[in-house]
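Subject: Structure for you to look at

Hi,

Here is the structure I promised to pass on. Please open it first, then read my notes below.

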Amino acid sequence: MSILSVRDLGFKYTKDSEELFDGLSFQFAPGKVTALTGPSGRGKSTLLYVLGLMLTPSRGEVFLHDQPQSSTPDAVRSKVRADQLGFVFQDSSLDPSRTIIDSVIEPTLYAGVDRKIAMARAEQLLEELGVAARSDHKPGQISGGQAQRVAVARALINNPAVILADEPTGNLDPTNAAGVLDILSKDAGTQQRTVVIATHDPYVISRADEVLAL
Amino acid sequence: MTLKMLLREALATAWASKVPSALVCLITAAMCIMTISTVGRTAAAEEQVAQRIDSSGARQLVVTDKKADGLISESIISMASNFSVIERSVGLGSPTDVKNLAIGEGATPVPAWAVIGDIGSVAQLEAGRYPGPGEALVSTQALRKLGMQYPVGAVRIANADIPVDFAIVGSYTPRDPFTDLDQGVIYEAQSGSSATNLHLILNDASQAAVAQGSVLSLFGQLADPEAISVRSPLQMAKLHDEIVGDLGSFGKSLLYGALGIGSLLVAVVVFADILVRRKDLGRRRALGATRSDIVTLMLIRTLIPAVAGALVGMLGGLGIAVSTGSVPPFAFCLGIVILALLSAGASSLVPAAYAANADPVKVLRTP
């Protein structure tokens, strides 16, 4: 049984626009990092958002634990996103007005996790990712590499089955990029998590366990 | 999200967006100050007019037996007192002069009224006891005129063919609206006698028409319709309705205007805040917030500064109202606060719905 898979997938932004993915069927291996790659405009980020149940495919289906998800109501998809999916955005997307630890626990609000439990888990994650000392700082007071590690901590806070990362190293220098990829690879292996990274960076592609070229 | 989580998150969001929060607070405060200091004064005036019109003097219906034909009998007075719209019913005879028996002919006369019905409905006992047959009460004002230091002694009806004396057994002050009784003596009428005037105090001036019809029906078909006259608060009731209606419609126009403008401004502020923070809302959706979470969050986040503004506005409005001497009723102020909060909340719903339904992918991919 795969955690995440797609079958006969197609997507159109508008009714008359060109269909992306061309009936893609694919099973994303658990415990491995899969890189989505391809030329610009082929829909790497779009596929990531379709997998994240934020876009509805024009045909085909996204399965999570072999359950079809694309046609479920928005509230159900939101709940699935909160409980089973973790997002890492290219620009980290941390709330500039909140502290690091508040940003990390944000997904626990939507998953209905008790604040004390969430705080303890967030502190542990920040410790593991080497940014615990910055937990009460604002995003503007930390570096880009630290911000992206905080974003990874936020993605992991609800212990999701799947991590979806959109160009997570796009704004980082090679050292920080390697650090973030190390974390994601190690976590996928130890937690049997499915990690999907949309990227055009050859280094990231070289670090992936599988590559899905679009 | 649980309510506790929503409240905590909304509070943090409101604190993070200080300028929009301050603006919502300011607008709501202005709404409350404006309405309480203007519409509130109207409400205070309305209440004062209503109180005056609803005083027992304005609720009095008087039926007069013009020819003293004995039309207002004990039984009619008794039956009238049983009507549900009537608070008090009492008959009074025409006043007769009485003098202090101890002084004699040279004494100063004061008026005396025969009361048919409960004396307690026209007088408040100040000293002594209520009179029985052949006894009377003297008003505290008339004591001095009669040359009495205390309400003891006797009075005699002046110029009567047969001397009629009443022992004074106490003193009284007249109950509203029987202020005319302030200058004299009252006594219990003899059994079987009739009154010249039937005084009916209604529960409410607006019931004048019903009460008048009911009381007149007690007299049956009169041979001479001119034999009785009626002084009714019917006109007063109409005036009451007109004044309250005029003041009310004026106040409502002002209230709707203030709330409408305030709501529009709150909606603009919330919408601008949403546009500025659209990436924040898109991120929330991506991380698992439902549409209803976003709407509720925006609603509570707007209501938090609005509550602060409404309380400040209520105090400010009351301060202005106190300085002008027209303090509106507390219930009115509370109502304005609730209306202002409802307006602020309602005006945030449309921008909140827009935010909840915005495409999170488009928002997140917009630089």
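What covers the buried residues of α3(B)? The cover includes β2 (86–92), β4 (110–116), β10 and α5 (208–218) of chain B. Keep in mind that this is a predicted model.

**Helix α3 of chain B**

This helix spans residues 74–81. Ile76(B), Ile77(B) and Ala80(B) are buried in it. Seen down the axis of α3(B), its buried residues fall within an arc of 100°, so they line one face of the helix.

**Strand β1 of chain B**

Strand β1(B) covers residues 60–65. It pairs with β10(B), residues 197–202, through 5 bridges. Those two strands run antiparallel. One pair to look for is Gln60(B), whose bridge partner in β10(B) is Ile201(B). β1(B) is also joined to β11(B), residues 228–231, by 4 bridges. This pairing is antiparallel too. Here Thr64(B) has Ser229(B) as its bridge partner.

**Chain A overall**

Chain A has 214 residues, and 51% of them are buried. Its elements are 7 helices and 9 strands. Take the contacts in chain A with a separation of 6 or more: 71% are between residues 24 or more positions apart.

**The sheet in chain A**

Five strands of chain A form an open sheet. Their order is β6-β7-β8-β3-β9, and the pairing is parallel. Which strands stand at the edges? They are β6 (85–88) and β9 (210–213) of chain A. Each has a single partner strand, so one side of each is left without a neighbour in the sheet. On average, neighbouring strands of this sheet are turned by 20° against each other, direction ignored.

Within the sheet, β3(A), residues 33–37, and β8(A), residues 194–198, are joined by 4 bridges. Thr34(A) stands opposite Val196(A) in β8(A). Helix α1(A), residues 44–51, packs on the sheet. It touches β3, β7 (162–166) and β8 of chain A. The direction of α1(A) makes about 150° with that of β8(A).

**Where the chains meet**

How many residues of chain A are in contact with chain B? There are 22, and they meet 19 residues of chain B. On the chain A side, α2 (74–84) and α3 (100–111) each supply at least two residues. α2(A) gives the most, with 6 residues. By type, the chain A side divides into 11 nonpolar, 5 polar and 6 charged residues.

**The nonpolar cores**

The largest nonpolar core holds 111 residues. Those that touch the most other members are Val104(A), Val152(A), Ala153(A), Leu184(A), Ile197(A) and Cys32(B). Helix α2(B), residues 18–53, gives the most to this core, with 13 residues. Leaving aside neighbours within four places in sequence, Val152(A) is in contact with Val88(A), Leu129(A), Val180(A), Ile183(A) and Leu184(A). A second, separate core has 44 residues, among them Val115(B), Ala142(B), Leu146(B) and Tyr172(B).

Best wishes

Methods
Residues numbered from 1 in each chain as written. Chains lettered and ligands numbered in written order. Predicted model: local features only at pLDDT ≥ 70, side-chain atom pairs only at ≥ 80, totals over all residues. Contact = placed C-beta atoms within 7 Å. Nonpolar A, V, L, I, M, F, W, Y, C, P; charged D, E, K, R; others polar. Pairing = 2+ DSSP bridges. Buried ≥ 20, exposed ≤ 12 C-beta atoms within 10 Å, placed from the backbone. Arc of directions from axis to C-beta. Axes fitted to C-alpha atoms, helices over the stretch in contact; angles between N-to-C directions. Core = buried A, V, L, I, M, F, W, Y, C linked by C-beta atoms within 7 Å.
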